[in-house]
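Welcome, and please open the model in your viewer with the sequence panel beside it. We will go from stop to stop, selecting a few residues each time.

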Amino acid sequence: MAASTLLSAWGPLRPGVRGLCRCRQPRGLWAHAWRLPEPAGSGRSVAAVSGPGISGTDRYCLELLRKRDYEGYLCSLLLPAESRSSAFALRAFNVELAQVKDSVSEKTIGLMRMQFWKNTVDDIYCDSPPHQPVAIELWKAVKRHNLTKRWLMKIIDEREKNLDDKAYRNIQELENYAENTQSSLLYLTLEILGIKDLHADHAASHIGKAQGIVTCLRATPYHGSRRRVFLPMDICMLHSVSQEDFLRKSQDKNVRDVVYDMASQAHLHLKHARSFHKSVPVKAFPAFLQTVALEDYLKKIQQVDFDIFHPSLQQKNTLLPLSLYIQSWRKRY
């Protein structure tokens, strides 16, 4: 996929050239920014969000998300109150699975953990969840919203396949992985919100794929420090870039072109998702708030001319809670 073929989707993306513009923020909303906890928030923020009736298993999921998936934590806070605890359980389940690959030294151990979660999901649908905090909360969510078992199993199966330390052969393989993990997570979130809508599903599919591509880009410096590269081989070959180029943190134009192509593809998926904006039920919009964080990263990487190793890309956006709140208030995604 040549960079030039994607120009029509994103336009010229070099520093100093206008790309995607931020909307002006309503002044009155600054007063409400305190409602979302800070990135380094203490346990007090969790208690404030959950109220005095929070259970031990619910608190476990909250803390797991706050530490391991902060963006997902913030997005879940902006869901309707009756859906929040189920969303926390769902995302905590996803975090548990995502952690397996980096926490085991042997693939066999990873396969055993994935089998545990397969058995757990089976047990949940038989009303006998194991005494594990995330499993108990996920069981409550399944009972409360009649969640589709197929999506949960797809997430496990796809992450199990991904235990091999192999680069994606092409961008389509990466998108398939994202569809079966990130998009499946969004389909389940829509079910939690009581949404059954074809247009919402189409938007979720594209947002999930954008999330998968952005996650792959964001994780490249971390994976490189462990001498691993997972970027699609077809795009690397197109620009005559080797894995070693990424391992030595090359800033050559060809390396940036690889990043540009991937970022452009992620942006294209966001554009497609937003093309359904007028057809998607407004009730579904809170499920798609992660587009705020995705767009934020894509703008940042554009500003540093697609240098994937630029230090600014590793810094947290302290204004993300406010940006999410504004987008939620505007009822947009």
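Helices (H or I, at least four residues) and strands (E, at least two) are DSSP runs, numbered from the N terminus. By that count the chain has 16 helices and zero strands. What you see is a predicted model, in which local features need pLDDT of at least 70, side-chain atom pairs count only at pLDDT 80 or more, and totals for chains, interfaces and linings use all residues. Residues are numbered from 1 along each chain as its sequence is written, and side-chain values use heavy atoms, with hydrogens and water left out.

**The whole chain**

Colour by accessibility if you can. Buried means under 20% relative accessible area, exposed over 50%, and partly exposed in between (1.4 Å probe, protein chains only). Of the 333 residues of the chain, 55% count as buried. A contact means heavy atoms within 4.5 Å; among contacts with a separation of 6 or more, 74% join residues 24 or more positions apart.

**Helix α8**

Now select residues 149-161, which form helix α8. The expected span of a helix is 1.5 Å times one less than its number of residues. The 13 residues of α8 should therefore span 18 Å, and the end C-alpha atoms are 19 Å apart, which agrees. Which residues of α8 are buried? They are Trp 151, Leu 152, Met 153, Ile 155, Ile 156, Glu 158, Arg 159 and Glu 160.

Step back to Asn 146, in the loop between α7 and α8. Its phi is near 55°, a positive value in a residue other than glycine. Most residues other than glycine have a negative phi. Asn 146 counts as exposed because its relative accessibility is 64%.

**The largest pocket**

On a 1 Å grid over the protein atoms alone, a pocket is an open set of points with protein on both sides within 12 Å along at least five of seven lines, a cavity is a set where a 1.4 Å probe fits but cannot get out, and lining residues have an atom within 4 Å of a point. Grid points are joined across faces, edges and corners, and a volume is the space filled by probe spheres set on the points.

The largest pocket holds about 1800 Å³ of space. Select Arg 68, Asp 69, Thr 215, Arg 218 and Ala 219, the closest to its centre of the 47 lining residues. Helix α5 gives the most to this lining, with nine residues.

**The largest cavity**

There is one cavity of 30 Å³ or more, with a volume of about 50 Å³. To find it, select Cys 75, Ser 76, Leu 79, Ala 87, Arg 91, Thr 189, Pro 286, Ala 287 and Leu 289, which line it. The elements that give two or more residues to this lining are α4 and α5.

**Cysteines and a last loop**

A disulfide is a pair of cysteine sulfur atoms within 2.5 Å, and the structure holds zero of them. Cys 216 is in no disulfide, and its nearest cysteine sulfur, that of Cys 236, is 9.3 Å away. Cys 216 is buried, with a relative accessible area of 10%.

Finish at Phe 306, in the loop between α15 and α16 (320-330). Is Phe 306 buried or exposed? Phe 306 counts as buried, because its relative accessibility is 1%. Phe 306 also has a positive phi of about 65°, although it is not a glycine.
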